[in-house]
Amino acid sequence: MASGGSLFTFVARRLLITVPLLFIISLAVFSLVLLLPGDPALALAGGLHAKASTVAQIRRQLHLNEGFFAQYGLWLGHVLHGNLGHSLFSPASVPSSSVATGIRIRFPVTLSIAVGGMVTAVVIGLPAGIAAGLRPRSWTDRIVTSVSSLAVAMPDFWLAMLLVILLAIHTHVLPPLGYTPFAISPWSWFQHLLMPWLALGFGGAATVARQTRGSLIDTLDQDYMRTAAAKGLKPRNIIVKHALKNAVSPVMTVVGIQFGYLLGGTFIIENIFSLPGLGTYMIQAIGTKDLPEVQGVALLTAAAFVIVNLVVDVLYAYLNPKVRLA
Amino acid sequence: MSILPPGSGDPVVADLPAVTTGTPPQHEDGERAHRGGALRRFLRDPLAVTGFAFILGVIVTAIAAPQISPDGPNVQDLLHINAGPSGAHWLGTDDLGRDILSRLIFGARPPLRAAFQIVGGALVLALPLALVAGFVRGWVDMIVMRAMDALFSFPPLVLALTVAALLGPNLNDASIAIAIVFVPSFVRLIRGEVIAVREENYVEAARATGVAPGRLIRTHILPNVASPLIIQVALSLGYAILIDAGLSFLGVGEQPPTASWGLMLTEAYRFIFSSPLTLVFPGLAILLTVLSLNLVADGLRDALGRERFGAKQGRLKGAGRTVSTLARATPSDGADTPEREAPGHPTNTESLLRVEHLRVEFATRSGWLPVVEDVGFDVLPGHTLGLVGESGSGKTVSALAIMGLLPRRESRIAEGSVRFTGRELTQLSPERMRQIRGNEIAMIFQEPMTSLNPAFTVGNQIAEQVRAHGHMGRSQSWARAVDMLGQVGIPNPSRRAKDYPHAFSGGMRQRVMIAMALSCEPNLLIADEPTTALDVTTQAQILELLSSLQRERHMAMIFVTHDLGVIADIADHVVVMYGGQVVERTEVAELFDRPHHPYSEALLSSMPQLAAPGRALKVIAGQVPRPDDMVSGCRFGPRCDYAVDACRSGPVALEPVALSGGLTRCLRHHQLTLGGMGQLHGGADSAVDDRRAPAAALLDISGLRMDFPVRTGALRRVTGTVRAVDGVDLRVPVGRTLGLVGESGSGKSTLARVILRLIDPSDGSIVLDGNDLIQLGSRELRHHRRSMQIVFQDPYSSLDPRMRVNDIVGEPLEIYDGLTGRERDDRVTELLDQVGLGRYALYRRPHEFSGGQRQRIAIARALAPRPRLLVCDEPVSALDVSTQSQVINLLTDLQARLGLAFLFIAHDLSVVRHISDRIAVMYLGRIVEEGPAEEVYQRPRHPYTEALLSAIPVPDVHRPEPLKRIVLTGEVANPLDPPGGCAFHPRCPHAMAICSSVEPQPFVSSSGTTVRCHLHTSGPVLNGRPVTTVSPPSGATPASTH
């Protein structure tokens, strides 16, 4: 029994699922080119009024004369070597014309926003959910439930704007926009990111709180909770040890999925606070239909999401011995 | 109506009145009430209704925008740019002088249109994919789900952004493409539901009835998938509005100068420093719309969710709120308990625990409702008190009350006292009570599978209890845990202590529970149905373990059970409970010899263990009353054969019985002479076994094999096979019953499913009435299915919760006889009548019926296609003792009248013996013994049969010494790695050298029994004598049942 349920086999199995998944994702990302109406090269170059030389250059750069799978093969080969291609429009002399470089510069910004938002969500949502779940229908529960209903329905970028009005325009507590790298000034970095974190984390916190509450209520109703009480354990021990470990672990899966929503939210938030992350990069790329850049960003965010969920699954299995058998 | 043999009262009718207590309502009324159920619940939810009204308002406003709006969306008032609210512009104007209110009204159109397009598109894409994946499974499923995983790997907004970017900036074109963002969650949800629904017994039953796949999806699967889907749609609409707003804000959705909420935010954002107020309105509009959709979804979830689980009424669980505050209300005036002093206690001074006049109440909508009333008993040190009664009698509530484990807010001890070693437990502070719980009084529960925490090792869970009571430190307590595991017979305890509960079987987990309960050396152990969920052989092991541990420790025990056989086995004193009251309290021998309450007599008489073969079982008419439906007189009165007018006049007190020392709650106890064990079952042995003459085979199975592949390791490769059914040969003659018994895991239920072709066998033949079912194509098979129907164990999952009884029972009639409308319902009424249900049941849904009644409905459905064979898979195991006999009598009666043949599967050997002509015993996928029922019972030839029989708890209280029962060691072997030779040899008390290497061949004895055992085939092995029956050689007690 023990061998079948070891954490190692579980991780190995999850990895084996993840690798083909990443390939399917890469295929999906590459297939984006098929969405372009008409002649892709012409569409990318700017439509009917594009210069013939630009069209030809794009066609050459993206190997659009080859068959679809040949194109994919060439692209994938480069991707596996860390080469995500070149921007269609920036001159090759600019270092950031390499998509990989462009992403490498901006990814830390996006990641710090998303991870910070996630931390905010957990730090607010988990205790709120636990407080509500321990006493369903109490005032605490009602407040948590109503606030989280509002927060889930609120567009995060709208909240961001309200925060700007409140904290930057009215009270000047925080800078309204811009970014300072951590290495230059951690304090300034923190100040610039606090509003994005709050804006993103609020909705996430609501989801986490709702999930925690439900999961805790379910757990408290389990037979083994009655056993714990029948054993004469101290009430606090019953809650902290027996209820929380079982209640919190399913919340982790939600946190993993929530990370995807946060990554998406980041793309809008960056544009509000003028943060130099993947979101602003992507919006530029979309404006100019810079296919390699769009593909690069899509591929990377998907991969990041997959990896975060892999980590979450492994943690989940670590907390739940039973899951390892599934 | 009377379809039972005379002399059995009128038990069938008796089961009825659960539906309504008064006259059955007109069915039109009933019909309307059910249709409106979910809707009414939804309408009673103020938040959901508000949300729904708001959404409707937004939709109407958007449609009627040109009529409602004060201005066009793009009409500019250049004199008022970025103006605040005024009479002309209620919400002010924007940077181009446009009226914000008008733009807000028109701005609702794009997001709403986009949301409906996106979600609608997602549904159109997802529904067929999910249905196919969930229904066909296999490769199709895998490919679909991997594709969904890939789609799901894109953060939704990034996917939408990318797609929208490449398709061009017009969101209308892109919305169908954005729909793919929603496809994965829809596919996962629908597929999950389809798979869950498919595994419900009612879908299996429909397939067995011959319902074609298309109809199955339409009538059984889609309606059950609909509720979660509607909820998901509401949530998705909200999220789609958010995505639309986000995309518009980023400039990849709607383009200016269109009015849309998202774009309005973008425009307002540019003037955030000068006129921040313009930001507020579009944001609020989005927030409120999405919020309303979410509220509607929540309301739907509550309204629709309850329907599905409505049947399973809240099980009592002490659970989380266990920090016991024992509410103590003012004692009532005692009107219900005229006799305050309960005489007849066993010598008072020495009792360890004394419960007196205990009254427990539960909170209901109409106030506190007594569930347990005037309960009292004593437990003597080192003795066992049996607490016996059917479900709902208040046994478990009484036990939890002693432990202080009643759910805190929903229940209270309203009256009475619980004295334990001189302390009044109901008065103790929560902390003092905690120190007693688990330390001086310990408790074990019915469900070993769910009673241990899955997240901690069993050693940890035992050790923490020892530590909680301050007995030992960390390392000592671990050693103690290991020691305890050893004491309860868990092999290799030091290694097993580090395993998690899921690595133990049910019987082993119950041992762990016992180890835990005894870890602090309690004086009193409360065991709440500890063996009910276990196999009869495992039950025997656990009972023996409990008795020996009790003897060693001189520990007292309260043993709660519904099984009188177990009581006879383990208890010294017994308390019989009914309707929340003690109806009789006495010594065990007295109860079995001379019961003094009609209910006790009725319980004794309905025990299937000792029923005479071939006779109808005694039944108790009616069913256990609900706490809110108690009569004012004697609570058993309505079901009592001896009731007179006086019994109905008022509460009955518990009175001492002359010359016995016991107590009974019966007005007529001095007048009545009730029958004990001897009288009730006296004639059983001498009963002529009038088993019928042999008949031609209706079902003939040969060489049937069912292998399931086993996948292990990281690659999920097929590394082995489980032979769930391994070369089975069986015959069921026309109009006769073949009983099939074996422990759980023996392959009985798999065999049933294979016979019905719900799963395809790996090899062998199933000949029904001359047609080999294996050779038939799916269309022909459907045609032949009508001859063969199934009744499942779980009366709750075997009926489609959304269908009315006339549709459930009528479905086969539509398929086979083309009956519809009135004609069909008339036939359904006839069928309901056959199973003892009236016409009033026609338009009701399953959750309105009790377990026994549902089983009757399931039988009616099975009878509808006029089958010749009924496969009954543990049809009475989930029912109360009295209901069980009612259903069995119904089945025997139906057999006599309709000439049905039964394949009757059960783990309860007494029931099987009663109903069967022949019996087959199954072990690890093989039939080890098959023969005439009485022959198998009286002269078991296989050691396994002998052990099974010996494990039945026998209600014989006059044994000279503790029963010498053959307790099998160990458990059913791992089917992945079955032992070589005879699969039973590792547990066999008679195993010989040959048994581990050579598989025994069938041996047919002169009496017509076929047995697979080397004791019979390998000639005179034991003591030089030819072996005919197994019992004598080892000196074990012959396993005759008396």
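Predicted model: local features only at pLDDT ≥ 70, side-chain atom pairs only at ≥ 80, totals over all residues.
View 1. Leaving aside residues up to four places away in sequence, A:Ala303 touches A:Leu22 and A:Ile25. A:Ala303 sits in helix 13 of chain A, which covers residues 291-319. The C-alpha atoms of A:Ala303 and A:Ile25 are 8.1 Å apart in space, while 278 residues separate the two in sequence. With 17 other C-beta atoms within 10 Å, A:Ala303 is partly exposed, because 20 or more would be needed for a buried residue and 12 or fewer for an exposed one.

**View 2. Helix 1 of chain A against helix 8 of chain B.**

**View 3. Residues where helix 1 of chain A meets helix 8 of chain B.** From helix 1 of chain A come A:Leu21, A:Ile24, A:Ile25 and A:Ala28; from helix 8 of chain B come B:Arg146, B:Asp149 and B:Ala150. Five of the residues in this contact are nonpolar, two are charged and none is polar.

**View 4. The side of chain B that touches chain A.** The contact between the chains takes 68 residues from chain A and 69 residues from chain B. Elements giving two or more residues on the chain B side include helix 8 (138-152), helix 12 (213-249) and helix 14 (280-309). Helix 9 of chain B gives the most, with nine residues. By class, this side has 41 nonpolar, 20 polar and eight charged residues.

Note on methods: Residues numbered from 1 in each chain as written. Chains lettered and ligands numbered in written order. Helix = DSSP H or I, 4+ residues; strand = E, 2+ residues; numbered from the N terminus. Contact = placed C-beta atoms within 7 Å. Nonpolar A, V, L, I, M, F, W, Y, C, P; charged D, E, K, R; others polar. Axes fitted to C-alpha atoms, helices over the stretch in contact; angles between N-to-C directions.
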